[in-house]
Amino acid sequence: MRWNVTEPATGPAPVEPDPQSPAESPAPPAAETSASAPTAAAGPATPAAPGPTAPATKIVGQSATGRSRRGEPRTYDFRRPTKLSREHVRVLQIAQEAFARQATTILTTFLRAGARLELVGIEQFSYDDYVLTLPNTVFISTFSLEPMAGKGMLAYPLDIAMAIVDHMLGGSGAADQPSRPMTAMETTITNHLLDRLLDEFAATFATITEIQPALLGHEYNPLLAQAAAGSDTVMVASFTMAVGSREGDATLVLPFSSFAQALNNAASPQLSETALAKRKRAAEALAARLNLVPVDVSVRFAPLTVSSADLLSLAVGDVLLLRHPPDAPLEVTTNDVTFAYAIASNHRRRLAAAIVPTPHAAVKDTA
């Protein structure tokens, strides 16, 4: 019996029986096994034969097209450099995740239905660029950030806002919701929930800075919200929001300039006891040296005001009336700042000034 074997360069090859050989021969299975074994062994040993292509090196964090798995590239405006550092994002992420957990609990409790708020990411935008990302109809709530300057803004889909009102009134929230501004009663119901959310927002941001947010109003057109100037840099926290079967995107906007210093303080590493002691000694040494710095001190009569014409016409022999009361003490000043009062005196045949109580204190004591 004869078996024809194909070129063994590409690994185990199919075998074909000779059509002239008897079909009833009992040896084909054993012969096939015998022919296939050397073929598999000989395949990789032949260096000239083209073998299978080696797998490409995989770069962690990139897709097959070389794009970053984080998403499509974004436009970078060199006129508005990035101000939000990684440390800032880390601090904000901790606070915003805590707020999302508390908001989930509050929404579930108030609505008596399944609700969820999950942080997606934190980004930096100019306010104009952020407004362009919002749909034409959206529910926007603005709030103050006392004692800080500026306003915050919470935006989420209008149908979710209406569904929240439906749930709080005992409904299922599953019906089609109207696309219109809220009525006075609907606004009052929503404000009750938003006030509770703002309280939790202040509590979660206490690790960064103390704020007392207060609800200012609502808007439905992003172009009319006016929470910041168009070129102002804002920090935008994006959330996935779900109420019942409805899902949408929510954003929480904060002005960067108001939180910049607080973020820097929160992002700085904690100092060890040795470093704190070293700083304390340095502060004490600085204070001791400041006490030895010479300062120019003047004792003068009360300032006199004259017109420019009189000043330019002064000549030798002219007299300026000081108008200083005879019983009023002189002013002790440094850098044009009056910090004490004195009367003319002498000390060991040298002209001196004796410090006396301020006129206001003397009048108070007499009274």
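The model is predicted: local features need pLDDT of at least 70 and side-chain atom pairs count only at pLDDT 80 or more, while totals for chains, interfaces and linings use all residues. Residues are numbered from 1 along each chain as its sequence is written, and side-chain values use heavy atoms, with hydrogens and water left out.

**Cavities**

The structure holds 4 cavities of 30 Å³ or more. A cavity is a set of points, on a 1 Å grid over the protein atoms alone, where a 1.4 Å probe fits but cannot get out, and lining residues have an atom within 4 Å of a point. A volume is the space filled by probe spheres set on the points.

| Cavity | Volume | Element giving the most lining residues |
|---|---|---|
| Largest | about 90 Å³ | α2, 3 residues |

Among the residues that line the largest cavity are Phe 99, Leu 154, Ile 164, Leu 194 and Leu 197. Two or more residues of this lining come from each of α2 (86-111), β5 (151-156), α5 and β7 (233-243); helices (H or I, at least four residues) and strands (E, at least two) are DSSP runs, numbered from the N terminus. The lining of the second largest cavity includes Phe 99, Ser 141, Leu 154, Leu 194 and Leu 197, and its residues divide into 9 nonpolar, 1 polar and no charged.

**Helix α4 and its surroundings**

Helix α4 (residues 158-168) packs against helix α5 (residues 184-204) at an angle of about 90°, with the axes 10 Å apart. Axes are lines fitted to C-alpha atoms, for helices over the stretch in contact, and angles run from 0 to 180 degrees between N-to-C directions. The two helices are therefore roughly perpendicular (65 to 115 degrees). Met 162, Ile 164, Val 165 and Met 168 of α4 make the contact (heavy atoms within 4.5 Å) with Glu 186, Ile 189, Thr 190 and Leu 193 of α5.

Because 8 of the 11 residues of α4 are buried, this helix is largely enclosed by the rest of the structure; buried means under 20% relative accessible area with a 1.4 Å probe, protein chains only. Ile 164, which also lines the largest cavity, is one of these buried residues. The buried residues of α4 pack against α2, β4, β5, α5, β7 and β8 (246-255). Just after α4, Gly 170 takes a positive phi of about 100°.

Terms used:
Parallel < 35°, antiparallel > 145°, perpendicular 65-115°, else oblique. 1 Å grid on protein atoms, 1.4 Å probe; cavity = no way out; pocket = protein on both sides within 12 Å on 5 of 7 lines; lining within 4 Å. Nonpolar A, V, L, I, M, F, W, Y, C, P; charged D, E, K, R; others polar. Buried < 20%, exposed > 50% of the residue type's maximum accessible area, 1.4 Å probe, protein only.
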